[in-house]
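Subject: Structure handover

Hello,

Here is the structure for your files. Please open it alongside this note; what I found follows below.

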Amino acid sequence: MTTTSPRLRALPSRLLSQAATHGDRLVSDGLARIGARKWHYAVLATLADAGPASQAEMSRRTGIYRSDMVAVLNELERDGYAQRVPDPNDQRRNVITLTKAGTKRLHELDAVLADLQQELLTPLTAAQREQLAALLTQLVDHHDGRHDRDPSST
């Protein structure tokens with residue numbers, strides 16, 4: 001095992017990157033074992049939490065590029081988890097909805113992700129996990145520009 005330079009170990013940006021890489025690999029591999037991808041979860045969770053939306057709106061809500069969203073929706077629709085129907089108010093766009101099978105699949109993915117989060121965060125106590133999530137949320141919100149709208153997030 002190689003020893004990491006103390007200077008490198010002191011860089012929060014490097015540590016965040018390493019933790020993110022490990023977490024992404026863990027989640028991607030765990031979801032792949034059950035035929036899912038992280039973008040499937042993002043779409044299903046967003047539909048469950050925020051309701052039906054156009055493809056463009058789903059792209060904004062999830063951060064999935066519009067060109068990639070089409071492929072994700074094709075997969076979810078093929079498997080019966082989501083449905084695209086023409087918008088009755090604008091026939092040029094589709095509205096994506098969550099199906100009953102999609103709701104069931106989302107619950108399965110929630111359980112798998114809970115186990116993966118447990119594995120990722122094993123060395124941390126419950127209080128440390130909450131603190132980490134709060135700190136990461138603060139960083140993400142700041143860099144997404146949300147600090148401009150919410151003075152308490154600084």
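L136 is partly exposed, at a relative accessible area of 34% (partly exposed lies between buried, under 20%, and exposed, over 50%; 1.4 Å probe, protein chains only). This is a predicted model: local features need pLDDT of at least 70, side-chain atom pairs count only at pLDDT 80 or more, and totals for chains, interfaces and linings use all residues. Residues are numbered from 1 along each chain as its sequence is written, and side-chain values use heavy atoms, with hydrogens and water left out.

L136 sits in helix 7 (helices are DSSP runs of H or I, at least four residues, numbered from the N terminus). The 18 residues of helix 7 should span 26 Å at 1.5 Å a residue, and its end C-alpha atoms are 26 Å apart, so the two agree. The expected span is 1.5 Å times one less than the number of residues. Just after helix 7, G145 has a positive phi of about 90°.

What lines the largest pocket? There are 23 lining residues, and A20, G23, Q117, L120 and L136 lie nearest the centre. Helices 2, 3, 6 and 7 each give two or more residues to that lining. Helix 2 gives the most, eight residues. A pocket here is an open set of points on a 1 Å grid over the protein atoms alone, where a 1.4 Å probe fits, with protein on both sides within 12 Å along at least five of seven lines; lining residues have an atom within 4 Å of a point.

Best wishes
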